[in-house]
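User: Please take a close look at the pocket region of this model and go through what surrounds it. I would like one connected account.

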Amino acid sequence: LMIPFGVGASVYIAELAHPREREILKPFIEILAGIPSVVIGFFGLLILVPAIKFIFGLSSGLTAMTGGILLALMAIPTVISISEDAIRAVPQSYKSASLALGASKMQTIWKVIVPAALPGIITAIMLGIGRVVGETMAVMMVTGNAAVITANPFDSVRTMTATIAAEMGEVAFGSIHYRALFCVGIVLLVTTFLLNVIAHRVLKKYGIGQVQ
């Protein structure tokens, strides 16, 4: 959900939108990226949870799928913003050469411009994933907060971040439970760190700053 919507929207804003339309959409997307997670969680609780319950005929819309969709929606503005910058950084000569050889505008976009901007787009996707890996409040509000391990997307679950937030205030200091929560935190820290390292290495090696 995050990748097709994010990349598609960035292509539209960078290459197809009218300049005045772009001036409106770009700041709007950046504003969306800065909305507090509790506000997004409240939106999911009021809109997304009843929709999932109705569409799939569930007894409750507080499921893992609801949390996944909400996280994807949270990551999309980040992916759009960075991907759009990467696409617009592709030299105009690439586009001109493709059009001069007889390619259509859509062929130029998908076979020349997007492949040239692909490293920046990949970086945007990684940063979008990193944006939601540590998310706590929004998923706690819409996933049912059930401490179970399941592969069924229609079951209620609790994320690692929500587990730390829900249990750290009640656990006995120095206990095995306390140490287990710290281990969960270390896993999240390492995961987020690796995602950011990979994203920055891709950006440094192939990134939008070297395309120009």
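Analyst: A pocket here is an open set of points on a 1 Å grid over the protein atoms alone, where a 1.4 Å probe fits, with protein on both sides within 12 Å along at least five of seven lines; lining residues have an atom within 4 Å of a point. The model is predicted, with local features needing pLDDT of at least 70 and side-chain atom pairs pLDDT 80 or more, while totals for chains, interfaces and linings use all residues. Numbering runs from 1 along each chain, and side-chain values use heavy atoms, without hydrogens or water.

The largest pocket has a volume of about 150 Å³ (the space filled by probe spheres set on the grid points). Its lining consists of Leu32, Ala33, Ile35, Ile40, Phe43, Leu73, Met74, Pro77 and Arg131. Helices H2 (19-33), H3 (37-56) and H4 (64-88) each give two or more residues to this lining (helices are DSSP runs of H or I, at least four residues). H4 gives the most, with 3 residues. By type, the lining divides into 8 nonpolar residues, no polar ones and 1 charged (Asp, Glu, Lys and Arg count as charged; Ala, Val, Leu, Ile, Met, Phe, Trp, Tyr, Cys and Pro as nonpolar; the others as polar).

Phe43 and Leu73 line the pocket and also belong to a nonpolar surface patch (side chains within 5 Å, each residue with over 30% relative accessible area and no salt bridge). Leu1, Phe5, Phe42, Leu46 and Ile47 are the other members, and the patch has about 710 Å² of accessible area together (Shrake-Rupley method, 1.4 Å probe). H3 supplies the largest share, 4 residues. Phe5 comes from helix H1 (residues 2-16) and counts as exposed because its relative accessibility is 53% (exposed is over 50%, buried under 20%, partly exposed in between).

Arg88 is partly exposed, at 46% relative accessibility. Through shared partners, salt bridges join Lys26, Glu30, Glu84, Asp85 and Arg88 into one network.

Conventions. Patches are made of residues with over 30% relative accessible area and no salt bridge: like charges are joined within 9 Å, nonpolar side chains (Val, Leu, Ile, Met, Phe, Trp, Tyr) within 5 Å. A salt bridge is a side-chain nitrogen of Lys or Arg within 4 Å of a carboxyl oxygen of Asp or Glu. Buried means under 20% relative accessible area, exposed over 50%, partly exposed in between (1.4 Å probe, protein chains only).
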